[in-house]
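Let's take a friendly walk through this model together. Please have the sequence and the 3D view open as you read.

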Amino acid sequence: MRNPKDFFKPMAIGAPEPVREIPFRPSRMIHFFDPSNPKMAAKVPSIAGKCDVLLGNLEDAIQVDNKIAAREGFVKIAKETDFGDCQLWTRVNSLDSPWFLDDMSQIVQEVGDKVDVIMVPKVEGPWDIHYVDRLLAQLEARAGTKRPILVHAILETALGVANVEEIAGASPRMQGMSLGPADLAASRRMKTTRVGGGHPGYLVRADPNPDDPEAPRVTAQQDLWHYTIARMVDACVANGIFAYYGPFGDIRDTLACEDQFRNAFLLGCVGAWSLHPVQIDIAKKVFSPPVDEVLWAKKVMQEMGDGSGAVMIDGKMQDDATYKQCKVMVGLARMLAEKDADLKAAYQF
Ligand code: GLV
Ligand code: MG
């Protein structure tokens with residue numbers, strides 16, 4: 001264990017000081033683009049205006065022959081684009097790949113001051129984060145970057161899930177974590193070939209009717225990802241970082257995508273990945289708190305004053321704990337309202 005007094009010392013001479021708190025910037029959608037695809041690259045400036053986070057993907061979904069073009073494309077786009085208040089992230093190749101080292105060195109050297117967060121796939125334990133932490137410090141020192149680049153881990157191996165708490169607390173750079181349901185399903189030997197979402201076979205069934213044993217029995221599909229998302233949220237919140245749902249692969253099934261995103265939102269996630277422009281709007285809708293909930297939360301906070309004691313509002317008991325729930329809702333709404341004039345009007349700030 002590292003001495004807690006040293007936890008906030010830079011890991012290399014000349015590297016920027018680690019942050020003491022992860023800033024909570026809107027990140028309802030992390031929109032993926034392929035920097036090796038000139039058509040997609042051309043759309044980046046206009047998409048930046050619609051997104052909280054744009055992520056240049058270098059890992060899976062980029063063909064082996066395009067790995068270097070993707071890295072170089074990302075550097076070029078990062079240099080040439082004004083992202084406004086949209087964050088710029090990248091997903092580098094995995095630590096065991098032949099591309100990781102050059103991804104990190106080239107990106108930090110050339111655009112280290114423009115990249116907010118580096119997403120690291122297939123993180124298995126705190127040792128992976130310690131390595132990335134030290135390497136980033138060395139590269140930042142060499143490049144002379146002014147602020148530390150943060151790290152986001154993808155939770156997508158069984159070992160990673162087993163070590164999720166240690167990963168979340170492994171470095172002051174840890175910004176958050178995303179569920180990677182496709183790789184995680186493969187790693188766990190789950191029997192689904194989908195990218196996220198539910199499965200009709202994962203269900204519970206009502207008991208047979210004793211008077212009519214052959215009658216159809218009601219079933220309810222369950223959420224395959226509930227356990228992992230809940231563990232990830234606890235690990236993240238306990239360590240002052242943020243949890244995200246990852247990809248939803250069936251682009252045409254916008255309704256099920258919205259449901260999966262909403263489950264994650266209700267469980268404590270702050271955003272999800274978007275793999276297609278249609279998913280940007282879904283994430284924006286789902287991860288902005290509903291207007292009626294925000295107005296209700298404002299009313300509760302107003303009527304409760306300092307939040308102590310217990311009162312009845314519209315027949316519902318309110319106390320310290322419900323006051324805190326309302327504060328979460330109003331806090332998020334206030335922050336999003338600063339970015340979005342429509343939301344500001346709807347939330348009546
Ligand atoms: C994302 O990377 C996933 O594997 O689902
Ligand atoms: Mg993956």
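**The chain as a whole**

Please keep in mind that this is a predicted model. The protein chain holds 13 helices and 12 strands. Its C-alpha trace spans about 70 × 55 × 45 Å along the principal axes. How does the radius of gyration agree with that of a compact globule? For 349 residues, such a globule would have a value near 20 Å, and the protein chain has 22 Å, so the two agree.

Of the 349 residues, 48% count as buried. Among contacts between residues at least 6 apart in sequence, 72% join residues at least 24 apart. The accessible surface comes to about 17,300 Å², and carbon and sulfur atoms account for 54% of that area. As for charge, the protein chain carries 40 positive and 47 negative side chains, with the centres of the two sets 4 Å apart.

Glutamate 156 sits in the loop between β5 (150-155) and α5 (158-162), while aspartate 183 belongs to helix α7 (residues 181-188), so the pair ties together parts that are 27 residues apart in sequence. Glutamate 156 has 3% relative accessibility and therefore counts as buried, under the 20% cut-off. Aspartate 183, at 24%, counts as partly exposed.

**Two residues with positive phi**

Most residues other than glycine have a negative phi. Aspartate 314 has a positive value, near 50 degrees, and its place is the loop between β11 (311-313) and β12 (316-318). Glutamine 348 also has a positive phi, of about 60 degrees, although it is not a glycine. Glutamine 348 is found in the segment after α13 (341-347). Buried or exposed, where does aspartate 314 fall? Aspartate 314 is exposed, with a relative accessible area of 55%, and glutamine 348 likewise counts as exposed at 55%.

With 7% relative accessibility, glycine 196 counts as buried. Setting aside neighbours within four places in sequence, glycine 196 is in contact with Pro181, Trp225, Tyr245, Pro247, Phe248 and Gln260.

Lysine 299 lies in helix α11 (residues 291-304) and is partly exposed, with a relative accessible area of 30%. Beyond neighbours within four places in sequence, lysine 299 is in contact with Ile313 and Asp314, and Asp314 is the residue described above with a phi near 50 degrees. Alanine 243 is 56 residues from lysine 299 along the chain, and their C-alpha atoms are separated by 28 Å.

The accessibility values are gathered here.

| Residue | Relative accessibility | Class |
|---|---|---|
| Glutamate 156 | 3% | buried |
| Glycine 196 | 7% | buried |
| Aspartate 183 | 24% | partly exposed |
| Lysine 299 | 30% | partly exposed |
| Aspartate 314 | 55% | exposed |
| Glutamine 348 | 55% | exposed |

Methods
Residues are numbered from 1 along each chain as its sequence is written. Chains are lettered from A and ligands numbered from 1 in the order in which they are written. This is a predicted model: local features need pLDDT of at least 70, side-chain atom pairs count only at pLDDT 80 or more; totals for chains, interfaces and linings use all residues. Side-chain values use heavy atoms; hydrogens and water are left out. Helices (H or I, at least four residues) and strands (E, at least two) are DSSP runs, numbered from the N terminus. The radius of gyration is taken over C-alpha atoms; the globule rule is 2.2 Å times the number of residues to the power 0.38. Buried means under 20% relative accessible area, exposed over 50%, partly exposed in between (1.4 Å probe, protein chains only). Contact means heavy atoms within 4.5 Å. Accessible areas come from the Shrake-Rupley method with a 1.4 Å probe; for residues, only the protein chains shown count as cover. Lys and Arg count as positive and Asp and Glu as negative; His and the chain ends are not counted. The place of a charge is taken as NZ of Lys, CZ of Arg, CG of Asp or CD of Glu.
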